[in-house]
Amino acid sequence: MRFKDKIVLITGSAGGIGFKTALDFGNEGATVAVTDIDFEMAKKLSNQIISNGGVAEPFQLDVTDLEQTKNVFETLNEKHGVCDIVFCNAGIREITPMLDLQFEEWKKVIDINLTSTFLMSKFAIKKMLKNKSGKIVNITSVVGHTGNLGQANYTASKAGIVAM
């Protein structure tokens, strides 16, 4: 139980890397804050962690929403204490050639991938500094270093996380 008595918040927990990471932290003794815009999936994952003997709480979270993000941290702090680990995993990828890329498509990917990482870090760091402890894990991609055809918004968002 490497993470016993640790509180871990994971964004984008409903699928893929976030889902597996939440299960792993739960199996290793952490209290897992399962966050996702899809609350039904967050609840299912939380229930799975609990049925495996772990501790979890689901939160519906639009990671681009400043107030929702703030409220999740406040609720988590009140119920469980200060978050020890924040795993910024929420992200999307849309493939559209630059000439066809609409501003809304650009903004959606930048907001979900990059702005959300900023918001999560901003709220986590305050309490972590006060406690003189904590970890923030930001998920990125090799294309944040290399670029990729048809993915200007995605590669820019991942490069921004690397630079952050």
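**Group meeting: the core and overall fold**

I'll start with the inside: the largest nonpolar core has 18 residues, and those with the most contacts inside it are L9, F73, L76, C83, V86 and M120. A nonpolar core here is a set of buried Ala, Val, Leu, Ile, Met, Phe, Trp, Tyr and Cys residues joined through side-chain atoms within 4.5 Å; buried means under 20% relative accessible area with a 1.4 Å probe, protein chains only. Two or more residues of this core come from each of β1 (7-10), α3 (66-80), β4 (85-88) and α4 (103-131). Of these, α4 gives the most, with five residues. A second, separate core has 14 residues, including A22, L45, I49 and A56.

A word on the source. This is a predicted model, where local features need pLDDT of at least 70 and side-chain atom pairs count only at pLDDT 80 or more, while totals for chains, interfaces and linings use all residues. Residues are numbered from 1 along each chain as its sequence is written, and side-chain values use heavy atoms, with hydrogens and water left out.

Back to L9. Leaving aside residues up to four places away in sequence, L9 touches, among others, A33, T35, V72, I85 and F87, contact meaning heavy atoms within 4.5 Å.

Now the whole chain. The protein has six helices and five strands, taken as DSSP runs numbered from the N terminus (helices H or I, at least four residues; strands E, at least two). Their order from the N terminus is β-α-β-α-β-α-β-α-β-α-α. Of the 164 residues, 43% count as buried. The C-alpha trace spans about 50 × 35 × 30 Å along its principal axes.

How values were computed
Buried means under 20% relative accessible area, exposed over 50%, partly exposed in between (1.4 Å probe, protein chains only).
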